[in-house]
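Let's take a walk through this model together. Have the sequence and the 3D view ready.

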Amino acid sequence: MLTSVTVRRALVALLLAVPLVATGGTAQAAACSGSTGVTVVVQFPDGHTQTGCAPGDPSSGTSALTSAGFSYTLVTGRAFVVQVNRAP
């Protein structure tokens, strides 16, 4: 059973690992204006990035992804995000 803590830990691990394997330029993230919301930046395998704004204070990383307009797929039976917007 996936708990929000498990999902958060998996997303934090994923987000910490991305700089280790990502190459390319610096993303320019300015999706959220003002001091509210969470800016979500996703870099896809082909190198392009998309940004979105999750308004307010999302309760989890996956909640921030969906609120910012992204879809995701989890590994069956585990709390690992393997796809964002159907891209690995």
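Two strands count as paired if DSSP finds at least two bridges between them. Keep in mind that this is a predicted model.

Leu74 has Val81 in S4 as its bridge partner.

**The disulfide**

How many disulfides are there? The count comes to 1 disulfide, and it joins Cys32 to Cys53, with an S to S distance of 2.1 Å. The pair links distant parts of the chain, 21 residues apart: Cys32 sits in the loop between helix H1 (4–21) and strand S1 (38–43), while Cys53 belongs to strand S2 (residues 49–54). The torsion about the S-S bond of Cys32 and Cys53 is about 105°, so the disulfide is right-handed.

**A threonine in helix H2**

Thr62 lies in helix H2 (residues 61–67). The side chain of Thr62 makes a polar contact of 3.2 Å with the side chain of Ser60.

**Accessibility**

| Residue | Relative accessible area | Class |
|---|---|---|
| Thr62 | 9% | buried |
| Cys32 | 14% | buried |
| Cys53 | 27% | partly exposed |

Cys32 is buried because its relative accessible area of 14% is under 20%. Cys53, with a relative accessible area of 27%, is partly exposed.

Conventions
Residues are numbered from 1 along each chain as its sequence is written. This is a predicted model: local features need pLDDT of at least 70, side-chain atom pairs count only at pLDDT 80 or more; totals for chains, interfaces and linings use all residues. Side-chain values use heavy atoms; hydrogens and water are left out. Helices (H or I, at least four residues) and strands (E, at least two) are DSSP runs, numbered from the N terminus. Buried means under 20% relative accessible area, exposed over 50%, partly exposed in between (1.4 Å probe, protein chains only). A polar contact is a pair of N or O atoms within 3.5 Å; within protein, one must be able to donate a hydrogen and the other to accept it, and residues adjacent in sequence count only if both atoms are side-chain atoms. A disulfide is a pair of cysteine sulfur atoms within 2.5 Å.
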